[in-house]
Structures are given as structure tokens and as C-alpha cells.
Amino acid sequence: MKFKLVSKHKPAGDQAKAINKLHKSLSNKSYKHTTLLGVTGSGKTFTTANVIEKINKPVLVIAHNKTLAAQLAQEYKEFFPNNSVHYFVSYYDYYQPEAYVPISDTYISKEVQINAEIDRLRHNSTQSLLLRKDVIVVASVSAIYGLGSPEEYKKVHLKVTKNKKIKREEFIKSAVKIFFERVPNNLSPGKLSVIGNKIEIMPVNKEIIYQIFFDFSKIEKIVSIDPFSREIISPDIEGFFLFPAKHFVSDESRRGVVIEQILTEYKKQLAVFKRQGKFLEADRLKHRTLQDMALIREIGYCNGIENYSRFFDKRKEGEAPNTLLSYFPKDFLTIVDESHVTIPQISGMYAGDRARKTTLINFGFRLPSAFDNRPLTFDEFNKKTGQILYLSATPSEYEIQNSKEQGGVVEQIIRPTGLLDPEILVKPITATSKNEGQVASFIKEAKKEIKTKGRVLATTLTKKSAEDLASFMSDHKFKSKYIHSEIKTIERTEILTDFRRGKFDVLIGVNLLREGLDLPEVTLVAVFDADKEGFLRTKTSLIQTIGRASRNQKGRVILYADVISNALEIAISETKIRREKQQIHNKKNNITPMTIKKEIKDIRDEMNLIQKRTTDSLLKLEMNKYKRNPKLFIKEKKEAMERAVEKLDFETAAILRDEIIRFQEQNSKKK
């Protein structure tokens with residue numbers, strides 16, 4: 001299948017020119033690196049979507065955090081509704097890596113809380129890459145971490161078709177071999193249940209249940225149903241593919257050989273410890289390794305099996321692990337979003353992992369082969385990717401230098417909306433007899449914006465100063481809130497949504513008010529202590545922060561500084577140059593700048609909508625049961641709700657609560 005871009009918009013501003021230049025560069029297979037230097041609000045994602053349609057090959061998009069990756073995945077899905085767009089990030093809601101702290105003799109076991117929905121999306125990504133060509137996977141740096149072998153993953157899948165000759169018991173054994181778990185009821189992804197001659201199974205990559213009916217030694221019929229409402233989706237389908245429930249798959253025929261290889265390494269390391277007089281370390285290693293081997297021998301899996309992945313993948317010592325990149329075909333495009341942040345993140349992952357593993361291995365908690373369960377090094381990442389397109393308003397020297405030598409740096413300065421880079425005003429930090437200080441000045445300027453229904457962003461150097469400023473503003477009758485890294489992801493989304501809706505007027509943050517934050521209502525951005533050079537006040541961070549005011553035609557920026565630092569001078573000069581280019585273009589083409597119009601979407605609305613749909617489906621299905629004995633039915637529902645609360649399953653409890661209310665409402669209407 002080919003990529004087909006769907007959009008009511010046509011390229012405007014610098015987009016058409018950028019699309020043609022990028023397409024020309026990427027059509028030359030000898031060019032590895034190309035950079036799109038696109039200012040904030042210039043529509044870089046729309047430009048790359050046009051390029052994807054033209055080059056028509058699988059695409060990996062890497063973003064530096066989960067939130068930005070989710071935003072990009074949604075945008076690409078809207079541009080390519082008929083193609084395969086996926087979201088691949090770390091599937092942990094909570095992750096505590098295995099570690100050892102020698103100074104306090106503290107061993108910290110690996111502790112994880114897996115998000116089943118994200119796990120399903122990860123399987124969706126890998127399965128699509130193995131089955132089709134028109135695939136875009138938007139990923140975090142999780143893309144460079146170890147994943148099971150694509151060859152083994154693909155090799156052991158089951159093709160389930162109508163009239164296939166297979167007994168029910170054989171099918172169950174085959175499903176269990178690829179890590180599906182048999183349960184009595186309450187199906188979830190990766191589980192199956194058996195009811196007479198029927199098997200119900202839920203794949204890991206789809207929100208669907210397949211009912212497989214057996215007639216002696218063959219599959220008689222396959223039905224697909226909705227897992228929540230239990231309504232039939234398709235009454236009779238020809239078949240489907242069933243991939244393993246885990247990415248780390250061990251070939252059963254090689255299991256014995258792999259165990260012997262691991263035991264050989266274990267004996268070698270045991271001898272090293274004994275020669276060094278490390279008897280405690282030797283005992284630890286013995287206990288861990290033999291227990292793991294017993295589990296792998298019996299069920300083909302153990303917690304931490306990824307630490308033995310080198311043997312299962314038939315890799316040599318030090319050889320790069322399989323990752324998401326291994327599932328892509330040879331010819332694919334990598335797009336690195338906000339590359340000035342993402343590239344340093346990719347290059348820094350290996351060293352941190354290596355340091356933690358060194359301690360575990362030296363103290364007997366892991367075999368030396370655990371070193372090979374790791375993220376890719378930066379050199380390996382470059383070798384495993386084909387052509388790379390870097391996207392940033394402020395690309396670093398690495399991207400610019402590599403691109404200049406090959407595909408070039410393509411500029412996208414003119415916005416489709418005609419919006420200009422904001423005006424910049426520098427004001428003093430310190431109060432004197434002639435000048436008011438930065439806080440007093442900010443209060444005065446914020447009042448001006450709020451009078452005209454504008455919104456105000458302020459960025460400080462520390463979390464404490466953000467909290468203190470928000471409190472001070474509230475004391476002066478402003479509706480204000482702060483946002484920083486200790487605020488949970490969902491709460492951050494809610495704060496930003498409320499800000500856009502005008503529930504409060506002033507938002508104060510630290511480093512979160514930079515890349516990827518799209519707030520068209522903002523008319524003033526204030527940068528406190530702008531001359532204090534450091535991580536938060538580099539030329540890159542200043543340009544990114546200034547860009548938050550470029551989505552509104554009234555947007556302006558105040559930089560509070562007592563001296564003009566080198567970073568400030570560059571940021572102000574760059575913004576001025578861009579603004580002049582944009583003004584010339586607008587005058588030449590008779591363009592009036594227009595504030596970006598963007599729908600306000602609230603994640604809470606979507607969650608409530610999903611809950612209402614689920615409740616409505618259950619209501620429809622269970623109405624007959626309710627009619628027969630309303631009191632008993634309500635009693636059972638309340639008991640189920642209480643059990644859900646005891647298990648801390650508040651989502652299920654909320655659905656049951658709403659279901660009870662709806663039944664009671666319907667009953668009172670009839671009376």
C-alpha cells in the first residue's frame with residue numbers, strides 16, 4: 001500500500017519550497033543526513049507528512065518524551081487515516097531498574113508496573129512492520145532498547161483459519177507455547193479461556209476477542225466480538241494471525257543449547273569469583289542462575305530473561321541487540337523530532353546502563369552477558385538507521401555540520417499563517433531608583449494582557465521560584481498556576497487545557513514551557529533571570545521559549561536581564577532576522593498575520609466518553625437480567641463495585657457505579 005496524505009490544507013508559506021528540497025535530498029540515497037530548520041508554528045509535521053507521501057517508505061519518528069510522541073502520533077494518524085500509524089514508547093507506568101548499592105549493601109530488585117494498553121500498542125507496531133510497508137511508528141528513545149528477535153517473533157506466530165485441521169487441545173498447547181495464559185474468565189490481552197468446544201482468545205495487539213469453535217479435529221467457525229459489550233463484530237471470519245504475547249521469544253528447539261551456553265558462562269564466572277575469594281558473590285550468582293535456568297527449561301521464560309538475550313539471539317559478545325529498528329525493512333526513513341534534545345538523549349543512554357550493569361555483575365547479581373542486554377550506542381544507532389531527517393527550530397552543531405556535508409539544511413521560516421516571530425523587550429531584573437524590578441514589572445505587564453483576554457506564560461529558573469511566583473500572583477488577585485516535572489503527566493495536561501480555556505490567566509513553569517507546547521492563546525511570554533547563563537538559559541532554550549509567543553498575532557516576549565549575555569545576544573539577533581524576513585514576505589504577498597486556531601481537546605472528556613460508551617453497552621446487554629430481579633441485580637453490582645475498590649481498580653468501580661445509577665434512573669422513569 002502507498003501512503004496517502006489526507007488534509008484540507010495545502011502547503012503555504014515556506015512549506016512548498018521545503019517539501020521540494022527535502023524530497024530532492026531524500027531521493028539521493030547517498031545522503032544520510034538532512035535537517036529541516038523550521039521555526040515554531042511553521043507546520044513542520046505537515047511538511048514531513050508531504051515528504052512521507054512522496055518518498056513512500058516505512059518511517060520511524062523519534063521524539064524525546066512520551067507526551068510529544070503521543071501528540072505526533074495523533075497528528076500523523078489524522079494525515080494518514082488509511083495507512084498504518086503506531087505509537088511505541090516504554091510500556092512501564094512505573095519502572096525501578098535492578099540495581100545494587102555497594103556502600104549500603106542494598107540490592108534493589110527490578111520492579112515494574114506494565115501499562116497493558118501501551119504493551120498492546122507496542123505489539124501493534126512490530127506486527128504491522130512485519131506485515132506491511134505503509135507504516136509510520138512514532139517512538140520515544142525506547143526504540144533503541146533491547147527487544148526480542150524479529151525472526152523468532154515472526155517465526156512462531158499462528159495462522160488461525162476456518163477449516164484448519166487442528167484439535168482443540170493442540171491449539172491450546174500452541175497458544176501457551178507463544179506465552180498466552182489460560183484463565184477461567186475475565187479475558188485480557190494475551191489470555192485465553194476454554195468453554196466446551198469453544199476457545200476465546202484475546203490477541204495482544206487488538207481490542208477484540210476471537211471465539212474459535214472446534215468440530216472434532218478442525219476449526220469449524222471463527223467469530224469476533226467486542227471485549228466490553230460482548231456484541232458480535234463479525235459472525236463468520238476466514239481467519240487471523242496470532243503473534244506471541246511477549247516480544248522476547250525463545251525457540252523451543254534451541255532451548256537446551258541456550259541453557260548449556262548460559263551454564264558454561266556461569267561456571268566460568270563462578271570460578272573467577274572463587275579465585276578472587278568472593279564467596280558471597282559466587283553464592284548469589286549460583287542461586288540466581290540455577291533458578292532462572294529451571295524456569296526457562298520448564299516454561300521457556302523467567303523474569304529478567306532479557307539479560308540472557310545474547311544467547312537466544314545467537315549474538316556474539318558485544319554485538320548490538322535487537323531493537324525496534326530491527327523490525328524495519330532495510331530501506332526506511334528516520335525522522336528525529338526536536339533533534340537538539342533527542343540526539344543527546346539517544347547518545348547518552350548506553351553509558352548510564354553500562355554503569356548500573358557493571359555493579360550488578362561485579363557483585364554476583366548477573367552474568368557478564370547481561371552487558372549485552374542494553375540500548376544501542378550512538379554509533380550503532382547511526383549504522384542501523386538509513387536516511388535521517390532532523391527537525392528543530394534550533395538544530396545543534398551536530399545536525400547542521402552533518403547535513404551541510406550531505407543533504408543540506410532546509411529552512412522553513414515563513415509560517416502559513418503569516419505570523420511573525422514575536423517582538424522582544426529587555427527589562428532589568430534588579431529594582432533601582434529608576435527602574436522597577438522584574439516581579440513588579442511582570443505584574444504590570446500581565447494586567448495589560450489579561451484586560452484584553454490574553455494569556456501569560458512565565459518561566460523561572462527553579463521549581464521553588466515557580467511555586468513562589470504563582471503564590472505571589474494569587475495573593476495579588478491573579479488566577480495563576482505553576483507547572484513543573486513533579487506534576488504528573490495527566491495533571492499537566494489538565495492544567496494546560498484549563499489554561500487554554502481561560503480558567504486561569506497566568507501559567508508559570510521551568511523547563512516544561514519549551515519544546516512542543518502549543519498554546520495559541522498566549523500573548524505574553526516573560527523570561528525571569530534571562531541573563532543567568534546555564535542549561536535553562538542557553539541560546540537554544542531561549543529561542544525555544546521565545547517561540548511560545550509566536551502562535552498569536554499579538555505575541556510578545558519580555559526578557560528580564562541586567563546584562564546581555566552571549567546567549568541572549570544570539571537569541572535576540574536570530575529572532576530579529578527571522579522577523580524581518582517574515583515581514584518582507586508578508587508585505588510582498590499582501591498577507592495579514594492570523595492567530596492559529598486550534599481546537600481545545602481535553603483528555604478528561606475523552607476518558608468520560610469511553611466510560612459512557614462502556615456503561616451504555618453493559619446497560620443494553622444486562623437489561624433483561626435487571627428486569628427479572630432488580631433488587632438482586634443492584635445488590636450484585638454494588639458487591640462487584642466494592643470488590644473492585646478493594647483491589648484499587650477504580651476504573652472498573654466507576655463503570656459499575658455509573659451502571660447502577662443508569663439502571664435506577666431507567667427504572668424510576670418507567671414508574
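User: Which residue is the bridge partner of threonine 35 in S19?

Analyst: Two strands are said to pair if DSSP finds at least two bridges between them, and here valine 409 is the partner of threonine 35 in S19. The pairing of strand S1 (residues 33-38) with S19 is in the parallel sense and extends over 4 bridges. The model is a predicted one, in which local features need pLDDT of at least 70 and side-chain atom pairs count only at pLDDT 80 or more, although totals for chains, interfaces and linings use all residues. Residues are numbered from 1 along each chain as its sequence is written, and side-chain values use heavy atoms, with hydrogens and water left out.

User: How are the element labels assigned, and how many helices and strands does the chain have?

Analyst: Helices (H or I, at least four residues) and strands (E, at least two) are DSSP runs numbered from the N terminus, and by that count the chain has 20 helices and 25 strands.

User: In what order do the strands lie in the open sheet of 7 strands?

Analyst: The order is S3-S8-S2-S17-S18-S1-S19, with parallel pairing. Strand S3 (84-88) and strand S19 (409-412) are the edge strands, each pairing on one side only. From one strand to the next, the twist averages 20°.

User: How should I read the packing of helix H1 on the sheet, and which strands does it touch?

Analyst: A contact means heavy atoms within 4.5 Å, while directions are compared through axes, which are lines fitted to C-alpha atoms (for helices over the stretch in contact), with angles running from 0 to 180 degrees between N-to-C directions. Helix H1 (residues 15-27) touches S1, strand S17 (333-336), strand S18 (387-392) and S19, and its direction makes about 165° with that of S19. Helix H2 lies across S1, strand S2 (59-62), strand S8 (135-139), S17, S18 and S19, and runs at about 165° to S18.

User: At what angle do H2 and H3 pack?

Analyst: Helix H2 (residues 44-55) packs against helix H3 (residues 66-79) at an angle of about 50°, and their axes are 11 Å apart. H2 is therefore oblique to H3, on a scale where angles under 35 degrees count as roughly parallel, over 145 as roughly antiparallel, 65 to 115 as roughly perpendicular and the rest as oblique. Thr45, Phe46, Thr48, Ala49 and Ile52 of H2 make the contact with Leu72, Glu75, Tyr76 and Phe79 of H3.

User: What is the strand order in the open sheet of 6 strands?

Analyst: In this sheet the order is S20-S25-S24-S21-S23-S22, with parallel pairing. Strand S20 (423-427) and strand S22 (480-483) stand at the edges with a single partner strand each, so one side of each is left without a neighbour in the sheet. Within the sheet, strand S21 (residues 455-459) and strand S23 (residues 506-509) run parallel and are joined by 4 bridges, and valine 456 has valine 506 as its bridge partner in S23. Helix H13 (residues 438-451) packs on the sheet, touching S20, S21, S23, strand S24 (522-527) and strand S25 (556-560), with its direction at about 170° to that of S25. Helix H17 (residues 566-589) also packs on the sheet, where it touches S20 and S25, and its direction makes about 155° with that of S20.

User: Is threonine 342 buried or exposed?

Analyst: Threonine 342, in helix H10 (residues 339-362), is buried, with a relative accessible area of 0%. Not counting residues up to four places away in sequence, threonine 342 touches Ile62, Ala63, His64, Val336 and Asp337. By contrast, asparagine 590, in the loop between H17 and helix H18 (603-628), counts as exposed at 71% relative accessibility, and its phi is near 55°, a positive value in a residue other than glycine.

Key:
Buried < 20%, exposed > 50% of the residue type's maximum accessible area, 1.4 Å probe, protein only.
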